[in-house]
Amino acid sequence: MNQPQQFRKVYVEVQLTVSPEGDVRPNTIKFEDGTVYAIDRLRHRCRAHATKVGGTGVRYTVVIRGQETYLFEDDGKWFVEARGNVGC
Amino acid sequence: MDRTILHCDMNNFYASVECMLNPKLKGHPVAVGGDVENRHGIILAKNYEAKKFGIQTGEALWQAKQKCRNLIIVPPHYEEYLKYSRLAHSIYEDYTDLIEPYGMDEVWLDITGSTKLFGNGEKVANELRERIKFELGLTISVGVSFCKVFAKLGSDLKKPDAVTVIPKDSFREVIWNLPASDLLGVGRSTDKFLSSHGIHTIGELANAYPDLIQRKLGKNGMMLLAFANGKDRSRVAPQDYEPPMKSVGHGITTVQDLENNAEVWNIILALTQDIGHKLRVYNKNAAGVAIYIRYIQDKQLGGKQWQCQLPVRTHSAAIIAREAYQLFERSYRWEFPIRSVTVRAINLCSQDLPEQLQFFSDAAAVERKEKLETVIEEIRGRFGKYAIQPACLCQDIKMPTDREVELRMPTGMIG
Ligand SMILES: [Mg+2]
């Protein structure tokens with residue numbers, strides 16, 4: 001169990017826009033250190049397994065500062081697959 | 001017209017969910033153990049890595065540890081299993097509404113009506129397999145056939161993450177050489193009888209003398225004979241999705257024989273703690289309770305069981321314990337010391353069902369108990385099962401292990 005782990009599950013605060021039709025769009029992510037990232041683009045949404053950190057959810061493929069990344073929503077909570085071993 | 005029936009079986013379900021939720025476990029031998037904190041539990045499920053060490057479901061945790069020193073044992077998370085069972089179910093619903101659950105991790109699907117839309121059985125089976133892997137991070141094995149019994153057989157043939165087709169025109173070549181015990185409904189005693197008459201394979205069963213089967217095994221035997229010949233016409237019976245559970249039970253063989261009512265009360269109380277938890281997880285209320293007492297009589301294990309209705313349908317562990325104990329007190333005559341006790345909550349129904357209030361029962365008191373136990377449940381959820389307990393269970397109560405007894409019966413078939 002001691003192998004180095006490269007990703008960890010980090011629950012984040014998100015700001016959402018919900019359309020009258022019920023479509024959910026995440027606008028910003030607030031990371032655990034307080035940094036707020038704007039989501040520039042929403043590319044794709046599907047249900048998926050979070051292969052890097054475990055668990056599942058509705059997976060949003062988003063673009064933040066030109067980088068494509070995944071944002072998951074699982075039972076109302078949102079998380080990202082963060083790089084690094086901090087806090088494990 | 002021929003039907004297209006799928007049987008989907010989630011592989012090593014409990015253990016797979018644990019590994020999916022915690023990828024650090026992947027590649028290591030992992031088992032889900034009941035009562036881990038107490039070091040008295042048993043293995044409830046294991047992954048393939050643990051299987052390689054010969055770890056078996058139902059064996060004591062210490063035994064399993066002896067076989068595999070690096071075995072990682074995790075406590076069960078029934079809430080998660082239920083959640084993933086439901087999620088899988090919602091994927092199945094994209095293909096048909098004829099879904100019959102069989103336990104938490106298996107279903108039959110009748111997709112006869114939707115093959116024009118989605119393709120043949122094998123195609124749908126592979127699509128399901130891929131989707132469940134991608135969306136839920138879990139694997140299933142699927143059997144595809146023209147009846148439920150062969151679909152089930154197929155899902156057992158190749159696993160994990162595989163599809164097996166048993167076609168109508170060639171099922172004899174595919175399955176007649178398999179052991180008869182692979183057939184759904186051939187239990188250990190039936191298999192023993194068949195073996196003693198030279199019937200070892202499904203093919204031999206299919207060609208057995210009907211007279212012999214009828215005489216010795218009766219109606220069920222004739223049904224098995226028909227199954228072996230591919231003549232299973234049982235329907236895929238859709239159910240509203242709640243785990244198809246008729247009873248939740250726990251039983252225990254004590255370390256030493258029990259000799260008085262007080263000792264039996266402790267055991268009943270301990271057993272019902274788990275029953276209460278499970279009823280909550282499955283969203284069920286019990287309408288009755290059953291107890292099963294075993295004792296040694298003339299060096300032979302004897303047993304008696306009793307059951308009764310509860311005054312109000314409930315999931316309260318305290319009330320079920322009290323009713324079970326009163327049932328015991330008025331039924332057992334203490335001719336022999338007791339070796340084992342099983343308590344089952346029976347006649348389960350959804351907690352969402354409206355309750356018909358009885359004039360003489362105190363529904364408010366029951367509700368108070370249930371609320372109290374909601375709090376207890378929350379504490380246990382945060383700090384572990386033994387964080388809060390009835391005081392009389394904090395002593396040695398001659399209790400060695402948890403036992404899992406879940407009743408599973410397919411509809412319209414055996415029994
Ligand atoms: Mg299974």
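Predicted model: local features only at pLDDT ≥ 70, side-chain atom pairs only at ≥ 80, totals over all residues.
Residues are numbered from 1 along each chain as its sequence is written, chains are lettered from A and ligands numbered from 1 in the order in which they are written, and side-chain values use heavy atoms, with hydrogens and water left out.

The predictor gives the complex an ipTM of 0.90 and a pTM of 0.70.

Chain B contains 14 helices and 13 strands, where helices (H or I, at least four residues) and strands (E, at least two) are DSSP runs numbered from the N terminus. Of its 415 residues, 53% count as buried; here buried means under 20% relative accessible area, exposed over 50%, and partly exposed in between, with a 1.4 Å probe and protein chains only. Among the contacts in chain B with a separation of 6 or more, 70% are accounted for by residues 24 or more positions apart. The chain exposes about 20,100 Å², of which carbon and sulfur atoms supply 51%; these accessible areas come from the Shrake-Rupley method with a 1.4 Å probe, and for residues only the protein chains shown count as cover.

Helix α1 (residues 13-21) has eight of its nine residues buried, so it is largely enclosed by the rest of the structure; the buried residues include Phe13(B), Tyr14(B), Glu18(B) and Met20(B). In helix α12 (residues 261-281) lies Ala270(B), which is buried at a relative accessible area of 12%. Leaving aside neighbours within four places in sequence, Ala270(B) is in contact with Leu393(B), Ile397(B) and Met399(B), and its C-alpha lies 9.5 Å from that of His250(B), a residue 20 positions away in sequence.

The magnesium ion has protein donors in Asp9(B) (OD), Met10(B) (O) and Asp105(B) (OD), at 2.1 to 2.4 Å. Donors are N, O and S atoms within 2.8 Å of the metal (3.2 Å for Na, K and Ca), and water is not among the atoms, so sites may look incomplete. The donor residues are spaced D-M-x94-D in sequence. Met10(B) lies in strand β1 (residues 5-10) and Asp105(B) in the loop between β5 (99-102) and β6 (106-110), so the pair ties together parts of chain B that are 95 residues apart in sequence. Both Met10(B) and Asp105(B) are buried.

A search of the whole structure finds 20 salt bridges over all chains, a salt bridge being a side-chain nitrogen of Lys or Arg within 4 Å of a carboxyl oxygen of Asp or Glu. Arg129(B), Glu130(B), Lys133(B) and Asp161(B) are linked in a network of such bridges. Asp161(B) pairs with Lys133(B), with the closest N and O atoms 2.8 Å apart. Asp161(B) lies in the loop between α7 (148-157) and β8 (162-165) and Lys133(B) in helix α6, so this pair ties together parts of chain B that are 28 residues apart in sequence. A further salt bridge joins Glu135(B) and Arg131(B) at 2.8 Å, N to O, and both residues lie in helix α6 (residues 121-136), four residues apart, about one turn of the helix.

The contact between the chains takes 15 residues from chain A and 16 residues from chain B. The area buried between chain A and chain B (the accessible area, with a 1.4 Å probe, that two parts lose on being put together, summed over both) is about 1,300 Å², of which carbon and sulfur atoms give 56%. Two salt bridges are counted between chain A and chain B, and Lys83(B) forms a salt bridge with Asp74(A), the closest N and O atoms being 2.8 Å apart.

Methods: Contact = heavy atoms within 4.5 Å.
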